[in-house]
Amino acid sequence: MVICKEPAGRLPASVILEVTARCNLACLGCALHGPQRCVDRPTGDMTREVWAPVIAELGAAGHPVALTTHGGGEPLLHPELRDILRHARSFANLEVGFLTNGMLLDASWSEFLVDLGLPWIAVSIDGVDPENHRRLRRGSDLVRIEDNLETLLEIRRRRGDGLPAVRLNMVAYDEIADQRDAYLARWLDRVDVVMVSHYRNPPTSKRWPGVTGHDRKPCGLPWWQAVVAWDGRLALCCEDFNVDHPVGTVGAGGATLADCWNGPELTRVRALHRAGRWDEPPLCRECDTWAEEYLAVTADDAEIGCRVTRSPAQTAYVRLARPAAMECG
């Protein structure tokens, strides 16, 4: 696979817009808010002076852009999230979605997201046991989250257009690894995608299972993904949790996203990866996220009716289309 190529046009194909770094939970594996957090940057909400011009610039990109409006915080805490999503949905080339912990995903939010035609939403739910869930995701209430999800699914069912597509993610902590089968049984027939992700204890347990021993290859992230932190700084990539390696700043008084994306620092990192010198950028030296693009394997599993993709980071189960008779069933 050849991924080491110049960006299409002057803007990335994927953008993470961290609308807020604030959160209402403290999850075990979170680098920003968890009990073993390793991030010390300030938290706050992205201002209109940052998000509005970035979205407009992406909307004029001339090619499809996957726009994700989450980062190190809970997006539903942002007081202007409805405006952010409306603005993004006004551009036909932007595929918008976000990950939420589900605590604030009440009926009014579900009505709004379905009415908006949001392409997708992902909800983090770790296992099927409320007590374990509370310990792993401090401040959470699994019963409330599942009730919120059921409401979203019911509203979507009544509207009938299948949007937003609903994805679930479970982190396979040791404490709940034996709940995987029960988790799949509970949700595979209810939502569109179920993901079971490997647990990393930030920042030390960097290596994904199965990556060690493979020949290192260039990482594709500098070619296709931009990450805009809540304060307008661009991180090197999604692994730059603390924005220790900023590549520019957008928003009031800053540069355009295109200027940062084609600027000297990202150009330098791309050149190093192209030359096989990925041990020179400190963040890249021990990172194994590059392996996601080389080691993923996809196959259909007829027994469970899913297309299953296994990668170093996670296993994703995508529900296959069912016959019309079953849908009407």
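**Rings, charges and a strand trio in a predicted model**

R167 lies over the face of W120, 4.2 Å from the ring centre; a charge is taken to sit over a ring if NZ of Lys or CZ of Arg is within 6 Å of the ring centre and within 35 degrees of the ring normal. This is a predicted model, in which local features need pLDDT of at least 70 and side-chain atom pairs count only at pLDDT 80 or more, while totals for chains, interfaces and linings use all residues. Residues are numbered from 1 along each chain as its sequence is written, and side-chain values use heavy atoms, with hydrogens and water left out.

As for confidence, pLDDT (the predictor's confidence in each residue, from 0 to 100) has a chain mean of 91, with 93% of residues at 70 or more.

Turning to the rings, the structure holds 3 aromatic pairs. Rings of Phe, Tyr and Trp (its six-membered ring) pair if their centres lie within 6.5 Å; planes under 30 degrees apart count as stacked, over 60 as edge-to-face and the rest as tilted. W109 and F112 make an edge-to-face pair, at 5.6 Å centre to centre and 85 degrees between the planes. They sit 3 residues apart in helix α3 (residues 107-116), so about one helical turn separates them; helices (H or I, at least four residues) and strands (E, at least two) are DSSP runs, numbered from the N terminus. W109 is buried at 8% relative accessibility, and F112 is buried at 11%, where buried means under 20% relative accessible area, exposed over 50% and partly exposed in between (1.4 Å probe, protein chains only). The face of W109 also has R82 over it, at 3.9 Å from the ring centre.

Y173 and Y199 form a tilted pair, because their ring centres are 4.7 Å apart and their planes at 50 degrees. Y173 lies in the loop between β7 (165-171) and α6 (180-187), and Y199 in the loop between β8 (193-197) and α7 (221-224), so this pair ties together parts 26 residues apart in sequence. Y173 is buried at 3%, whereas Y199 is partly exposed at 27%.

On to the strands, which pair if DSSP finds at least two bridges between them. β8 runs antiparallel to β13 (residues 314-319) over 5 bridges, with V196 partnering T315. β12 (residues 306-310) is likewise joined to β13 by 5 antiparallel bridges, and T309 stands opposite A316. β12 and β13 form a hairpin with 3 residues between them.
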